[in-house]
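Visitor: I've got a few "how do you know that" questions for you. Can we go through them one by one?
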Amino acid sequence: MSIVLAFSGGLDTSFCVPYLRETYDRPVHTITVHTGGFSEADLAEAEGRAHALGAAAHTVIDARARLYDEVLSYLVKGNVLRGNVYPLCVGPERVVQAQEVVAHAAQLGATTIALGSTGAGNDQVRFDTALRLLAERTLSSG
């Protein structure tokens, strides 16, 4: 069975590709969920890096419209702000990304999902928690 790795192309996720492949002797499929902030050049660079590191395949999912339609539009309409200043969008963004990663893993028949993170902030916790909850429900019942 393959491993699906949520892949940004940064140092942490780049380390994970050969590490997972060599440690578990399983193919690693990388996925980048584009919810904004990536240019086309960034996406191409991440794909090239994934292949150079030995990923079995790399997929880019464009989830910008989904993020806006299902989450951000409601936050904007509701003027949902953290501390009455900061738009509350990062947490929900990670949920949409996790949904796409889990759906991709299920489509591939993968039983393992990984993410690379320094574990230094709340963003990693949000992404990890969403992945765990969604994967447990989706991959174990499939």
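Guide: Contact here means heavy atoms within 4.5 Å. This is a predicted model, so local features need pLDDT of at least 70, side-chain atom pairs count only at pLDDT 80 or more, and totals for chains, interfaces and linings use all residues. Numbering runs from 1 along each chain as its sequence is written, and side-chain values use heavy atoms, with hydrogens and water left out.

Visitor: Why is Glu100 called buried?

Guide: Its relative accessible area is 16%. Buried means under 20%, exposed over 50%, and partly exposed in between (1.4 Å probe, protein chains only), so Glu100 counts as buried.

Visitor: And what makes Phe15 exposed?

Guide: Phe15 comes in at 52% relative accessible area, so it is on the exposed side of the cut-off. Phe15 also makes a nonpolar surface patch of about 350 Å² with Tyr19 and Tyr24. Areas come from the Shrake-Rupley method with a 1.4 Å probe, and for residues only the protein chains shown count as cover.

Visitor: Which residues does Phe127 touch?

Guide: Ala6, Arg94, Gln97, Ala98, Val101 and Leu115, not counting residues up to four places away in sequence.

Methods:
Patch = residues over 30% accessible without salt bridge, like charges linked within 9 Å, V, L, I, M, F, W, Y side chains within 5 Å. Salt bridge = Lys/Arg side-chain N within 4 Å of Asp/Glu carboxyl O.
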